[in-house]
Amino acid sequence: MARFTFRLPDIGEGIAEAEIVAWHVKVGDRIEEDQQVADMMTDKATVEMESPVSGVVVELAGEVGDQVPIGSALMVVETEDEGEGEGETAGATDEDAARAAAGTDADAGQAIPPPPVADAAEAQIEAETPGVDEVTEPLPDAPAATAGDAGDPPVAAPPPPANPSPQATGGGDEEDNAPAKILASPAVRQRARDLGVDLGAVKADGDRVRHADLDAYLRYGSGEGYHAPHTSRAREDEAVKVIGMRRRIAENMAASKRAIPHFTYVDEIDVTALEAMRGDLNANRGPRPKLTMLPFLIVAICRTLPQFPMLNARYDDEAGVVTRHGRVHLGMATQTDAGLMVPVIRDAQDMNVWQLATEIGRLAEAARSGKARSEELSGSTLTITSLGPLGGIATTPVINRPEVAIIGPNKIVERPVFHGDDIVRAKLMNLSISCDHRVVDGWDAASYVQAVKKLLETPVLLFAD
């Protein structure tokens with residue numbers, strides 16, 4: 001037998017380490033060559049690791065969430081020197097077997113205590129009162145005398161409370177003050193005592209108080225703050241380790257808010273005409289994809305950026321250099337099961353609305369299915385983030401560092417507006433933009449949004465050269 005150490009290969013240019021986001025094997029598993037053993041996440045993408053050899057896993061580098069440097073051991077596999085026999089399954093080492101046997105011997109002979117009997121008090125009371133279904137008791141809160149054998153001496157009742165109520169004492173000469181007769185089994189009485197419930201306040205659905213009546217009282221009718229334990233809607237606390245994509249998002253967002261002085265500008269846009277045009281185009285689209293608002297917004301963004309080059313830029317904090325880009329590589333924030341990902345629409349400035357709709361659909365599906373390539377998840381120069389119908393009134397999006405701006409359209413709402421002296425129905429949408437105040441001034445951000453607004457409110461200009 002021989003041991004093979006599988007070291008983490010170089011899985012990306014400039015990558016120094018990768019995070020373990022999933023193990024597909026465990027120590028002791030038999031694996032085959034090219035079998036997937038782990039998922040590793042870099043700053044750009046998740047990479048599947050496959051074993052180069054067959055054998056038995058004897059060591060793993062760490063747990064999910066641990067960082068593994070490039071070139072260090074990821075997994076150790078025990079292989080056979082002269083090939084593997086068909087159908088043979090390699091077991092644990094002799095040392096592991098000895099330890100397992102020792103543990104078995106050490107544990108042998110130890111008696112396992114039986115689990116505690118549930119409802120012990122109820123079981124004891126039922127056992128001491130065979131055949132008793134009903135007990136007549138004049139005092140709702142006074143403990144009942146336990147029925148015993150014929151030869152047993154009677155049990156003295158406890159003294160009455162210091163200030164007994166008229167109903168409890170049954171005192172008085174009038175017949176109306178006679179105590180109420182409460183019928184209940186010993187088990188129900190014991191449970192009521194444990195909960196501090198007065199059986200006289202429990203409404204019986206029948207001739208006596210049963211467990212179901214007590215449950216109904218605890219849930220709905222107490223007025224005293226009693227609550228049955230099983231009716232609580234509270235859930236157990238859950239500790240969730242922040243790993244994988246969630247960790248990357250946390251680190252990037254924290255770095256962005258820590259390093260960038262954000263400011264957000266919001267303006268309202270009348271998209272009534274644009275929505276009418278979008279409806280006409282969709283009605284006559286043929287085999288082409290259905291258009292959402294996003295392709296039109298991207299066209300407007302790209303058309304206006306040449307006038308505001310400081311917005312389509314990246315800021316290198318350490319070098320103190322702002323690079324203003326001539327091409328628009330638009331990041332598109334996309335929600336996935338793993339967290340927020342930002343696939344990139346390359347050269348968005350050269351696409352029309354149909355091409356943009358196709359590329360948006362392709363990239364969103366690749367991100368959600370985990371098939372987006374690393375080059376499709378990096379290199380953006382400006383980002384757009386949209387929650388669609390969940391967009392709310394206004395958003396304050398966080399900049400995708402090292403970019404200097406991020407744009408967030410909000411949901412479209414219908415409201416009455418004034419057109420001259422007339423009140424008409426209009427479709428309105430707020431548009432938010434967050435900027436890096438080290439690079440972009442408030443005047444520039446407001447002017448840029450006004451330029452985008454002009455195109456969206458006069459949508460024919462989106463198709464004019």
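Which helix and strands each supply at least two residues of the lining of the largest pocket? They are helix H6 (244-259), strand S16 (339-341) and strand S19 (405-419). Helices (H or I, at least four residues) and strands (E, at least two) are DSSP runs, numbered from the N terminus.

The model is predicted: local features need pLDDT of at least 70, side-chain atom pairs count only at pLDDT 80 or more, and totals for chains, interfaces and linings use all residues. Residues are numbered from 1 along each chain as its sequence is written, and side-chain values use heavy atoms, with hydrogens and water left out.

**View 1. The largest pocket and its lining.** A pocket is an open set of points on a 1 Å grid over the protein atoms alone, where a 1.4 Å probe fits, with protein on both sides within 12 Å along at least five of seven lines; lining residues have an atom within 4 Å of a point. The volume of the largest pocket is about 1100 Å³, counted as the space filled by probe spheres set on the points, which are joined across faces, edges and corners. Its lining has 43 residues, and Asp 43, Asn 252, Val 342, Asn 400 and Arg 401 lie nearest its centre. H6 gives the largest share, 7 residues. The lining has 21 nonpolar, 13 polar and 9 charged residues. Here Ala, Val, Leu, Ile, Met, Phe, Trp, Tyr, Cys and Pro count as nonpolar, Asp, Glu, Lys and Arg as charged, and the others, Gly among them, as polar.

**View 2. Gln 349 in the loop between strand S17 (344-345) and helix H9 (353-368).** Gln 349 is partly exposed because its relative accessible area is 29% (buried is under 20%, exposed over 50%, partly exposed in between; 1.4 Å probe, protein chains only). Beyond its neighbours within four places in sequence, Gln 349 is in contact (heavy atoms within 4.5 Å) with Cys 302, Arg 327 and Val 328. The Gln 349 side chain reaches the backbone nitrogen of Val 328 at 2.9 Å. Between Gln 349 and Cys 302 there are 5.3 Å, C-alpha to C-alpha, although they are 47 residues apart in sequence. Cys 302 counts as buried because its relative accessibility is 9%.

**View 3. Thr 336 in strand S15 (residues 334-336).** With a relative accessible area of 8%, Thr 336 is buried. Its side chain reaches the backbone oxygen of Gly 339 at 2.5 Å. Not counting residues up to four places away in sequence, Thr 336 touches Met 341, Ala 367 and Arg 368.

Key
A polar contact is a pair of N or O atoms within 3.5 Å; within protein, one must be able to donate a hydrogen and the other to accept it, and residues adjacent in sequence count only if both atoms are side-chain atoms.
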